[in-house]
Amino acid sequence: MLQAVMTEVGKIEYRTKEVPKPKSNEVLVKIKHVGICGSDLHFYQHGRIGDFIVESPLILGHESAGEIVKVGNDVKYLKVGDLVSLEPGITCGKCEFCKSGKYNLCPDVIFMAAPPNDGAFTEYIAYPEDMAFKLPEGMGTIEGALIEPLAVGFHASRQADAAIGKSAAILGSGCIGLVTMMTLKAMGVTQIYITDLFSRRLEKAKTLGATKTFKADEADIVSEIMELTNGAGVDMVFETAGNKITTQQTAELVKRGGTIVLVGMAPESIVSFDFGKLIFKEASIKTVFRYRNLYPDAIKAVAEGLIPLKEIVTHIYSFGEVQEAIEFNINNKDSVVKAVIGF
């Protein structure tokens with residue numbers, strides 16, 4: 001089989017390797033689609049994200065789906081021919097976090113495309129059955145690959161206790177901002193304001209049902225949203241851009257008693273923040289690290305038509321174009337909302 005390997009920063013090479021043999025509890029998946037995530041771009045450009053440092057050749061890609069072509073002897077619920085979405089983190093199952101259901105916090109997780117673990121830009125993957133989720137009839141592997149970012153949006157929305165009647169501001173209209181918005185709408189939230197620097201992303205947000213969009217470099221975001229909410233602010237503020245300025249804006253925008261959810265991660269680990277304003281409002285800050293126990297619900301929401309997940313895809317490339325796809329993403333942020341590799 002072929003694998004797209006990042007051999008050094010800014011360089012992808014195709015290498016040949018034997019197709020893996022599934023263990024007794026594993027399924028062999030022929031990969032069909034893989035989404036390109038911001039973390040893939042960052043590793044490709046800089047060779048690291050925080051403490052995750054690329055020190056040897058690495059296969060990127062962790063948003064994946066494909067078709068089962070072989071099953072291990074102990075596999076019970078999946079069969080050859082099933083289409084599946086792969087949840088990219090394999091946890092230990094034994095620590096306090098795994099046992100309490102918060103397995104996304106497992107310190108020993110093996111996560112796709114997080115160094116030194118290889119990802120999904122490869123033709124075949126052998127994977128544990130319990131982390132491969134069957135896609136229902138009529139749902140394809142493009143949507144299956146995008147269940148991973150959608151799960152982040154689900155987790156963010158649940159962290160904020162989203163419900164009918166609440167209002168929201170989403171700072172950042174990239175993939176995570178959009179899936180968060182679609183999840184909120186599916187949960188009954190109808191008053192959603194969203195911001196971004198790029199017009200293409202804002203156009204997509206408007207098409208998908210945002211109440212109002214704001215171009216961040218042209219509008220006074222805080223003043224305009226406060227005016228629209230009669231000076232009250234919004235019940236929920238989601239920071240999905242990973243930006244110092246938008247992180248600071250959350251304290252200004254949140255309503256008294258409301259909730260801020262930090263999803264993006266600003267490059268600056270220390271950000272000046274108005275905690276006095278937050279305390280005065282008795283507002284809460286919650287954070288998001290990946291997701292947990294959400295793939296089945298996310299798949300069901302897409303299958304039932306509640307979330308038009310495929311609509312966020314703007315570019316599709318072939319497996320032979322991984323480097324070109326990544327380079328285009330990096331150099332054309334104003335035109336790419338979500339890019340996917342098709343095998």
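What follows is a chat about a predicted model.

Q: What should I know about numbering and confidence in this model?
A: Residues count from 1 along each chain as its sequence is written, and side-chain values use heavy atoms, with hydrogens and water left out. Because the model is predicted, local features need pLDDT of at least 70 and side-chain atom pairs count only at pLDDT 80 or more, while totals for chains, interfaces and linings use all residues.

Q: Start with Thr122. Where is Thr122 found?
A: Thr122 is in the loop between β9 (110-111) and β10 (124-128). Helices (H or I, at least four residues) and strands (E, at least two) are DSSP runs, numbered from the N terminus.

Q: Is Thr122 buried or exposed?
A: Thr122 counts as buried because its relative accessibility is 2%. Buried means under 20% relative accessible area, exposed over 50%, and partly exposed in between (1.4 Å probe, protein chains only).

Q: What does Thr122 touch?
A: Leaving out residues up to four places away in sequence, Thr122 touches Met1, Leu2, Gln3, Ile31, Phe319 and Phe343; contact means heavy atoms within 4.5 Å. With Gln3 there is also a side-chain to side-chain polar contact, at 3.3 Å. A polar contact is a pair of N or O atoms within 3.5 Å; within protein, one must be able to donate a hydrogen and the other to accept it, and residues adjacent in sequence count only if both atoms are side-chain atoms.

Q: And the other threonine, Thr314: which loop is Thr314 in?
A: Thr314 is in the loop between α10 (295-303) and β18 (315-318). A polar atom of the Thr314 side chain lies 3.0 Å from the backbone nitrogen of Val337. Beyond its neighbours within four places in sequence, Thr314 is in contact with Arg200, Lys204, Ser335, Val336, Val337 and Lys338.

Q: Switching to strands. Which strands pair with β7?
A: β7 (residues 83-86) pairs with β6 (residues 63-71) in the antiparallel sense over 4 bridges. β7 also pairs with β11 (residues 132-134), again antiparallel, over 3 bridges. Strands pair if DSSP finds at least two bridges between them.

Q: Where does Leu86 sit in that?
A: Leu86 in β7 is the bridge partner of Ser64, and Leu86 stands opposite Ala132 in β11.

Q: Now the core. Which residues of the largest nonpolar core touch the most other members?
A: Ile147, Leu150, Leu184, Phe238, Leu309 and Ile312, out of 47 residues. Elements giving two or more residues to this core are α4 (147-159), β12 (167-171), α5 (175-186), β13 (191-196), β15 (234-239) and α10. Apart from it lies another core, of 36 residues, including Ile31 and Met112. A nonpolar core is a set of buried Ala, Val, Leu, Ile, Met, Phe, Trp, Tyr and Cys residues joined through side-chain atoms within 4.5 Å.

Q: What does Leu150 touch?
A: Not counting residues up to four places away in sequence, Leu150 touches Val179, Thr183, Ala298, Val302, Ile307 and Leu309.

Q: Last one, helix α1. Which residues of α1 are buried?
A: In α1 (residues 38-46) they are Ser39, Asp40, Leu41, Phe43 and Tyr44. These buried residues pack against β1 (2-8), β2 (11-16), β3 (26-35), β4 (48-49), β5 (52-53) and α11 (322-331).

Q: What follows α1?
A: Gly47, with a positive phi near 75 degrees.
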